[in-house]
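Q: Could you take me through the charged pairs and one of the helices in this structure?

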Amino acid sequence: MNKATEIDPDYYIAYNNKISLFISKGALTEAINSAGQAVKAKPDLAESHTMLGMLYDYTGHPEKAKEQYFKALEIYRKRPASAGKEEQY
């Protein structure tokens with residue numbers, strides 16, 4: 001399960017996959033740890049901060065959740081409105 005992140009510690013997608021696995025097993029502490037690693041690997045990805053915030057919220061840490069939500073909002077606001085959209089000709 002850790003092979004991908006051992007090869008590339010910045011491979012945030014592997015951490016996101018771990019989060020899903022841990023949540024499905026009810027291992028929320030491990031999910032939070034993986035979400036924290038995803039945020040470290042790609043700090044400019046708002047979705048990672050949102051996921052970490054949701055996990056904190058669910059586990060009864062509203063202040064930590066709020067901090068992550070605000071970080072996510074900052075990142076979302078910096079994205080151009082056209083991000084991810086293909087040009088139409």
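The conversation below covers salt bridges, a helix and a surface patch.

Q: What kind of model is this, and which pLDDT limits apply?
A: This is a predicted model, in which local features need pLDDT of at least 70, side-chain atom pairs count only at pLDDT 80 or more, and totals for chains, interfaces and linings use all residues. Residues are numbered from 1 along each chain as its sequence is written, and side-chain values use heavy atoms, with hydrogens and water left out.

Q: How many salt bridges does the structure hold?
A: The structure holds 3 salt bridges, a salt bridge being a side-chain nitrogen of Lys or Arg within 4 Å of a carboxyl oxygen of Asp or Glu.

Q: Which residue does Arg79 meet in a salt bridge?
A: The side chain of Arg79 meets that of Glu47, at 2.7 Å from N to O. This pair links distant parts of the chain, 32 residues apart: Glu47 lies in helix α4 (residues 46-58) and Arg79 in the segment after α5 (62-78). Helices here are DSSP runs (H or I, at least four residues), numbered from the N terminus.

Q: Buried or exposed, or in between, for Arg79?
A: Arg79 counts as partly exposed because its relative accessibility is 32%. Buried means under 20% relative accessible area, exposed over 50%, and partly exposed in between (1.4 Å probe, protein chains only). Glu47 is also partly exposed, at 36%.

Q: And Lys71, which residue is its partner?
A: Lys71 forms a salt bridge with Glu67, with the closest N and O atoms 3.5 Å apart. The two are 4 residues apart in helix α5, so about one helical turn separates them.

Q: Staying with α5, which of its residues are buried?
A: The buried residues of α5 are Ala65, Gln68, Ala72 and Ile75. Seen down the axis of α5, these residues fall within an arc of 90°, so they line one face of the helix; the arc is that of the directions from the helix axis to the C-beta atoms.

Q: What is exposed on the other side of α5?
A: Glu63, Arg77 and Lys78 are exposed there.

Q: Changing topic: which residues make the nonpolar surface patch?
A: Phe70, Leu73 and Tyr76 make a nonpolar surface patch of about 270 Å². Patches are made of residues with over 30% relative accessible area and no salt bridge; nonpolar side chains (Val, Leu, Ile, Met, Phe, Trp, Tyr) are joined within 5 Å, like charges within 9 Å. Accessible areas come from the Shrake-Rupley method with a 1.4 Å probe, and for residues only the protein chains shown count as cover.
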